[in-house]
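Subject: The model we talked about

Hi,

Here is the model, with the sequence alongside.

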Number of protein chains: 4
Amino acid sequence: MFISETEIIVRYAETDRMGIVHHSNYPIWFEAARTDFIKNLGMSYSKIEERGFMLPLIELTCRYKGAARYEDRLIVKTCIRQMSYTRVTFYYEVFKCCDNSLITTGETVHAWTNKNLKPVNIKKHAPDIFELLNKAVL
Amino acid sequence: MFISETEIIVRYAETDRMGIVHHSNYPIWFEAARTDFIKNLGMSYSKIEERGFMLPLIELTCRYKGAARYEDRLIVKTCIRQMSYTRVTFYYEVFKCCDNSLITTGETVHAWTNKNLKPVNIKKHAPDIFELLNKAVL
Amino acid sequence: MFISETEIIVRYAETDRMGIVHHSNYPIWFEAARTDFIKNLGMSYSKIEERGFMLPLIELTCRYKGAARYEDRLIVKTCIRQMSYTRVTFYYEVFKCCDNSLITTGETVHAWTNKNLKPVNIKKHAPDIFELLNKAVL
Amino acid sequence: MFISETEIIVRYAETDRMGIVHHSNYPIWFEAARTDFIKNLGMSYSKIEERGFMLPLIELTCRYKGAARYEDRLIVKTCIRQMSYTRVTFYYEVFKCCDNSLITTGETVHAWTNKNLKPVNIKKHAPDIFELLNKAVL
């Protein structure tokens with residue numbers, strides 16, 4: 001299984017008045033990590049969109065186990081958990097670099113669509129994209 | 001069961017290059033709706049924090065069924081789904097005002113903690129807060 | 001001079017670890033207030049974009065005089081300060097409702113462009129839009 | 001004059017429905033670049049806050065000259081333009097890596113305060129912090 005790693009340095013704007021990272025930032029980091037994941041496979045999500053395909057989120061889950069703070073260095077580990085002709089499920093784990101503790105896990109389910117957000121069968125319309133991501137699951 | 005309604009007008013900054021609301025905004029709207037929910041019960045979350053209690057998120061789920069766009073008027077309906085001495089689960093439904101379609105549902109699980117993010121039994125330490133929220137479940 | 005008022009309730013996600021609103025939220029509120037301003041004139045910015053015109057920011061200034069906090073009710077007062085065939089300058093004042101204190105002022109300069117972000121003369125290409133906004137300056 | 005460089009990869013969430021980076025992200029990137037600047041001087045802004053000093057923004061200016069898009073690699077160049085016992089002015093330039101074009105410039109003015117946001121004379125209360133930053137201006 002292909003796993004990609006993305007470094008995040010916590011920004012001040014990402015903290016809230018509890019002094020910790022606001023929970024709404026993790027889905028944004030997952031997305032940045034997804035961008036990296038696809039780039040590390042040798043493709044780019046920008047290019048996928050240029051070819052007329054999109055991967056909008058249809059389901060998001062986060063489990064918050066610990067808190068990150070301003071200036072913390074984090075690593076997001078990303079992999080594909082499931083792949084079908086119409087959907088992709090990514091899985092994420094966020095670690096704190098200082099003590100290697102797992103602070104958050106997440107999952108995002110995406111549907112393949114065209115530019116008008118209508119579902120498409122990616123295997124049929126872009127077999128090379130399907131193969132590239134499918135290979136990463138094994 | 002007590003249900004509160006919160007109006008959201010989609011901001012330009014909340015859209016992404018797909019032309020729709022970026023998925024990371026829904027958790028922020030859920031939070032704004034939670035703030036309203038507690039205020040509509042006659043308390044305020046600011047006051048709860050002043051008394052030394054916090055409700056950090058420990059789990060978040062969103063299901064995206066439709067897309068909202070810039071200037072859309074949305075209604076978030078919020079209720080408490082489950083209450084224990086240490087946890088609260090909120091449930092949200094986001095509707096588009098123009099056609100009353102359900103575009104997103106979500107759930108957030110929170111733990112009661114003190115200022116240092118250590119778990120507390122809210123029934124024991126602030127029975128009035130517990131009762132107020134517990135009453136809203138029925 | 002036409003002045004529009006927009007209510008903002010400070011969201012938790014908008015605070016930072018100083019306990020106050022992060023400065024990057026004011027430009028977003030200015031934009032929400034601009035959306036309101038145009039709607040209150042009887043047009044909508046969505047419609048302007050549908051007709052092929054855009055108003056990207058080319059300059060932004062904020063002066064922070066006070067701090068807003070979670071759950072604070074604010075009013076953004078918005079007006080057009082200057083109008084030419086190719087540019088619009090909006091001016092904003094943010095007040096705290098509780099004590100009517102002025103906490104932030106701002107200015108945004110925008111250029112009229114087409115969908116490809118190329119400058120256009122709005123008076124020539126959409127005289128009705130120009131007149132509507134120009135009337136608001138007087 | 002000390003100049004620090006910070007790499008930014010444009011995130012999807014940072015784009016808006018114009019297809020470009022929303023203007024409100026630049027102040028956040030300036031802040032991330034400021035964090036880097038101070039770290040590159042051998043200090044950390046987290047540590048400065050731990051010692052009881054804060055640097056809230058009192059003025060922000062951005063000039064947008066070009067557009068950045070999703071997945072673009074940017075460099076923010078940061079320096080201190082002015083230093084007094086009570087204020088610091090940072091200056092930023094954002095370049096696109098692909099063609100080295102300057103797309104945005106910005107300036108932020110900050111006041112030295114204590115934890116209660118009351119102004120302090122940093123030269124008097126923390127001469128080492130003052131010297132470190134002051135040296136960077138020359």
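Contact here means heavy atoms within 4.5 Å. D:Glu71 sits in the loop that runs between β3 (57–64) and β4 (73–83) of chain D. Helices (H or I, at least four residues) and strands (E, at least two) are DSSP runs, numbered from the N terminus.

Before I go on, the ground rules. This is a predicted model, where local features need pLDDT of at least 70 and side-chain atom pairs count only at pLDDT 80 or more, while totals for chains, interfaces and linings use all residues. Residues are numbered from 1 along each chain as its sequence is written, chains are lettered from A and ligands numbered from 1 in the order in which they are written, and side-chain values use heavy atoms, with hydrogens and water left out.

Back to D:Glu71: it is buried and yet has no salt bridge, the nearest side chain of opposite charge being A:Lys39 at 4.3 Å. Buried means under 20% relative accessible area, exposed over 50%, and partly exposed in between (1.4 Å probe, protein chains only). For charges, Lys and Arg count as positive and Asp and Glu as negative, while His and the chain ends are not counted. A salt bridge needs a side-chain nitrogen of Lys or Arg within 4 Å of a carboxyl oxygen of Asp or Glu.

**Chains D and A**

The contact between these two takes 17 residues from chain D and 17 residues from chain A. They bury about 1700 Å² between them, with carbon and sulfur atoms giving 46% of that. Buried area is the accessible area (1.4 Å probe) that two parts lose on being put together, summed over both. D:Glu71 turns up again here: with D:Arg11 and D:Tyr12 it supplies 37% of the area that chain D buries against chain A, more than any other three residues. There are two salt bridges between chain D and chain A. In A:Glu14 and D:Arg11, which form a salt bridge, the closest N and O atoms are 3.3 Å apart.

**Chains B and A**

Here 26 residues of chain B are in contact with 26 residues of chain A. The buried area is about 2200 Å², and carbon and sulfur atoms give 59% of it. The rule finds four salt bridges across this interface. A:Glu49 and B:Arg17 meet in a salt bridge at 2.9 Å, N to O.

Ten strands form an open, antiparallel sheet in the order β1(A)-β3(A)-β4(A)-β5(A)-β2(A)-β3(B)-β6(B)-β5(B)-β4(B)-β1(B). Its edge strands are β1 (4–9) of chain A and β1 (4–9) of chain B, each pairing on one side only. Two strands pair if DSSP finds at least two bridges between them. Where do the chains join? β2(A) and β3 (residues 57–64) of chain B pair in the antiparallel sense over five bridges, and A:Glu59 stands opposite B:Arg63. On the chain A side, seven bridges join β2 (residues 57–64) to β5 (residues 102–111), with A:Leu60 partnered by A:Thr108.

**Salt bridges within a chain**

Over all chains, the whole structure has 33 salt bridges.

- C:Glu5 and C:Lys77 meet at 3.9 Å, N to O. The pair links distant parts of the chain, strands β1 (residues 4–9) and β3 (residues 73–83) of chain C, 72 residues apart. C:Glu5 is partly exposed at 48% relative accessibility, and C:Lys77 is partly exposed at 31%.
- D:Arg34 and D:Glu31 meet at 3.6 Å, N to O. Being three residues apart in helix α1 (residues 25–40) of chain D, they are separated by about one helical turn. D:Arg34 is buried at 8%, and D:Glu31 is buried at 7%.
- D:Glu107 forms a salt bridge with D:Arg81, the closest N and O atoms being 2.6 Å apart. This pair links strand β6 (residues 102–111) and strand β4 of chain D, 26 residues apart. D:Glu107 is partly exposed at 25%, as is D:Arg81 at 43%.

Cheers
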